[in-house]
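Here are a few friendly notes to read alongside the model.

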Amino acid sequence: MTNSTITPGLTPAMAAARRAFGWQKAKRLARDHITFIVFGLITLFFILHAPNFASLATANAIGRITAVVSIMAVGMTMVIMCREIDLSVGALASLSAMVGAMLMQTGITPWLSIPVMTAFGALVGLVNGLIVTRLRIPSFLVTLGMLSILSGTALTLTDSLPVPIGDRTLGKIMANGTLIGLPAAVWWTVVFALAGIYVLHLSVIGRQMAATGGNEAAARFSGIDVDRAKVVAFAICGACASFAGYMLAARASAGNPSVGVGLELNVIAAVIIGGTSLFGGRGSVVGSVIGAIFIGILAFGLVVIGLSTTIQEIVKGVIIILAVSLNRR
């Protein structure tokens, strides 16, 4: 750059320092949002190579199929922010689908069954949190054991047989209906995301979760009840998982004991892809929802371009590992 292009009042050295600072700032911004850049590039690839990918119908379809993972990711974000993990969410979703379907067979109204099932999930999460905090057992082991208990219970309830839901109203409310042109599942995602943003980023307990995950010892010394923060995080995570499982049952008009198998992996991947640190203390609900949408776009796009199911799993796994490793802190 010549002297004629230098801002009046700045020496050449000052101008060079300003350019270097701007370049470093841009690199830091790109590094902090590398997974979103990968997300954008992959989405652009599908738009260019998959016919009709960039359409409202595709957006609605992706919104519907990512709603379950998005809602579960809201709760998982809080648990990981506390430097814990919950591996039981997939099994809880399966059990909730079964219990919810059986509850509907008793004649309970759909609007009443929804909060009942959400409270059921919160209770399971509460038990997880209390075991972790009272018995000082790593959450990895506690929730792994709970995964086995919940899966076994779901399979035992009806001898592994699905439970049909005759009332179509539940399906319209939770998954298949539309409001102002958007699927009900998308609206529920928005509701849970807004509630999660308030709890995690605007409330006292949310700040306590972040402090607990950032430095638990320092949080204790500063008077924060870290055990309570963890228990609340687990309870919210359980409530989100149960609601999502019930949503799956409503969408299929039946409770299936294996409907949530493996969901925990997609949920954890969505949270990490979205920028939440596996080491706790930092993350965002919005990032987790974007991470879930990323996984949905990836799965949908691979189907649209015609890859076989086996190749889809390989490609999806490689890209998720790549995205998570790029975002690792």
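**Notes on salt bridges and helix packing**

1. Glu216 is partly exposed, at 27% relative accessibility (buried means under 20% relative accessible area, exposed over 50%, and partly exposed in between, with a 1.4 Å probe and protein chains only). Please keep in mind that this is a predicted model, in which local features need pLDDT of at least 70 and side-chain atom pairs count only at pLDDT 80 or more, while totals for chains, interfaces and linings use all residues. Residues are numbered from 1 along each chain as its sequence is written, and side-chain values use heavy atoms, leaving out hydrogens and water.

2. Which residue does Glu216 meet in a salt bridge? The partner is Arg220, at 3.0 Å from N to O (a salt bridge is a side-chain nitrogen of Lys or Arg within 4 Å of a carboxyl oxygen of Asp or Glu). Both residues sit in helix H10 (residues 216–221), four residues apart, or about one turn of the helix. Helices here are DSSP runs of H or I with at least four residues, and strands are runs of E with at least two, numbered from the N terminus. Arg220 is partly exposed too, with 38% relative accessibility.

3. Arg220 also forms a salt bridge with Asp227, at 3.4 Å from N to O. Through shared partners, salt bridges join Glu84, Arg136, Glu216, Arg220, Asp227 and Lys230 into one network. Five salt bridges are found in a search of the whole structure.

4. Have a look at Asp227 and Arg136 as well, whose side chains meet in a salt bridge of 3.1 Å, N to O. The two belong to distant parts of the chain, 91 residues apart: Arg136 is in the loop between helix H5 (110–135) and helix H6 (139–157), and Asp227 is in helix H11 (residues 226–252). Asp227 is buried at 10% relative accessibility, whereas Arg136 is exposed, with a relative accessible area of 51%.

5. On to the packing of H3 and H11. Their axes come within 7 Å and cross at roughly 170 degrees (axes are lines fitted to C-alpha atoms, for helices over the stretch in contact, and angles run from 0 to 180 degrees between N-to-C directions). H3 and H11 are therefore roughly antiparallel; angles under 35 degrees count as roughly parallel, over 145 as roughly antiparallel, 65 to 115 as roughly perpendicular and the rest as oblique. By class, their contact has 19 nonpolar, one polar and two charged residues. Here contact means heavy atoms within 4.5 Å, and Ala, Val, Leu, Ile, Met, Phe, Trp, Tyr, Cys and Pro count as nonpolar, Asp, Glu, Lys and Arg as charged, and the others, Gly among them, as polar.

6. How do H3 (residues 56–81) and H13 (residues 285–304) cross? Their axes come within 8 Å, at roughly 140 degrees, so this pair is oblique. The contact includes Ala61, Ile65 and Val74 of H3 and Val289, Gly296 and Phe300 of H13. It has twelve nonpolar, six polar and no charged residues.

7. Ala195 lies in helix H8 (residues 184–202) and is partly exposed, at 40% relative accessibility.
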